[in-house]
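Trainee: Please take me through one part of this model closely. Follow the side-chain pairs to the elements they sit in, and give me each cut-off as you go.

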Amino acid sequence: ERQRVLVVGGGPGGLEAARVAALRGHQVILCEREPYWGGRLYLGTLAPDKEEYAVGVNYLVSQCRKAGVDMRLETNVTPELAAELAPDVAIIATGADPAKPPIPGLDGPNVVFADTYLQGRAEVGQRVVLLGAGAVGAEVAHMLAEQGRDVTMLEMLPYWGHGMPPDAKWHIEREFAHLPVRILLNTKVSAVEESAVHATQDGDTVTFLDVDTVVVAAGARPSTSLVAAIEALVPQVEVIGDAVRPRSALEAIAEGSRLGRRIGGTASP
């Protein structure tokens, strides 16, 4: 049965859900609040040596257009817009927002979040302390160091690079060997000040002075603020991808594909 489908969020999961639903004959409107497609996967392509990841984003975008999806960038879906569009099905693929740890001082003017930096919306000084050494933190550190900044990465865990494929971690580790990057493990930040970061490392207090900018890369939390409002307006609401829980792009794409096949009746093979 042909349905009018609203997909909120143009990351990999949303793009794939829109593509498959349109191929199956549904009328699909895909809205993305940012001026680019691909969500956090697109931001990852901005890091050094990650340009090839854009191939996947570009493919999904081109196939959505080919399938006849009504694609709208810089469109923030509100309850009012959802009511106006009157879809039969809404797919919430709003991804995840940067996590903000409960650390005093993170509201200061010298603090930026990794996503904001990657989007080109924040200035970063010469001496940077980066909170978090997972996949995003490592890639941001690589980018900053290649631009000539001095980077100190602070990681709570006894290892770094969590969330990175082994080959990607091996590559970036080789790059760090000749770049101004320091990685301190087992280090928990206790407070951020205007030009200092206070932490404990293996039980000892450490302070980093003359810090120009603190960059936060402490993971992500599902972005679900729109779900309840949409559920009150739309007969069928589905939530996929990082909006359920942060995960890999491949997992989000697989979930979007399964959902696109299920809309309007029995899933196709």
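Mentor: Start with the total: there are 10 salt bridges here. A salt bridge is a side-chain nitrogen of Lys or Arg within 4 Å of a carboxyl oxygen of Asp or Glu. The model is predicted, so local features need pLDDT of at least 70 and side-chain atom pairs count only at pLDDT 80 or more, while totals for chains, interfaces and linings use all residues. Residues are numbered from 1 along each chain as its sequence is written, and side-chain values use heavy atoms, with hydrogens and water left out.

Take aspartate 115 and arginine 40. Their closest N and O atoms are 2.5 Å apart in a salt bridge. Aspartate 115 is in helix 5 and arginine 40 is in helix 2 (residues 39-44), so the pair ties together parts that are 75 residues apart in sequence. Helices are DSSP runs of H or I with at least four residues, strands are runs of E with at least two, and both are numbered from the N terminus. Helix 5 spans residues 114-118. Aspartate 115 is buried, at 11% relative accessible area. Arginine 40 is partly exposed, at 28%. The scale is simple: buried is under 20% relative accessible area, exposed is over 50%, and partly exposed is in between, with a 1.4 Å probe and protein chains only. Contact means heavy atoms within 4.5 Å.

Now arginine 262 and glutamate 238. Their side chains form a salt bridge, 3.2 Å from N to O. This pair links distant parts of the chain, with arginine 262 in helix 9 (residues 249-262) and glutamate 238 in strand 15, 24 residues apart. Arginine 262 is partly exposed at 42%. Glutamate 238 is buried at 19%. There is also a network: Arg33, Glu34, Asp97 and Arg121 are joined by salt bridges that share partners.

One more pair is aspartate 70 with arginine 72, a salt bridge at 2.9 Å from N to O. Aspartate 70 is partly exposed at 32%. Arginine 72 is partly exposed as well, at 28%.

Next comes the sheet that holds strand 15. It is open, has 5 strands in the order 3-2-1-4-15, and its pairing is parallel. Strand 3 (70-72) and strand 15 (236-239) are its edge strands, each pairing on one side only. Two strands count as paired if DSSP finds at least two bridges between them. Neighbouring strands in this sheet are turned by 15 degrees against each other on average, direction ignored. Helix 1 (residues 12-23) packs on the sheet and touches strand 1, strand 2, strand 3 and strand 4, its direction making about 165 degrees with that of strand 2. Axes are lines fitted to C-alpha atoms, for helices over the stretch in contact, and angles run from 0 to 180 degrees between N-to-C directions.

Look at strand 1 (residues 4-8) within that sheet. It is mostly covered, with 4 of its 5 residues buried. On one pairing, 5 bridges join strand 1 to strand 2 (residues 27-31), running parallel. There, arginine 4 has glutamine 27 as its bridge partner. Strand 1 also runs parallel to strand 4, joined by 4 bridges.

Strand 4 (residues 89-92) holds isoleucine 91. Isoleucine 91 is buried at 0% relative accessibility. Not counting residues up to four places away in sequence, isoleucine 91 touches Val5, Leu6, Val7, Val8, Ala17, Glu238, Ile240, Leu259 and Ile263. So what does Glu238 do besides? Glutamate 238 meets arginine 262 in the salt bridge given above.

Strand 6 pairs with strand 13 (residues 213-216) in the parallel sense over 3 bridges. In that pairing, phenylalanine 113 stands opposite valine 216.
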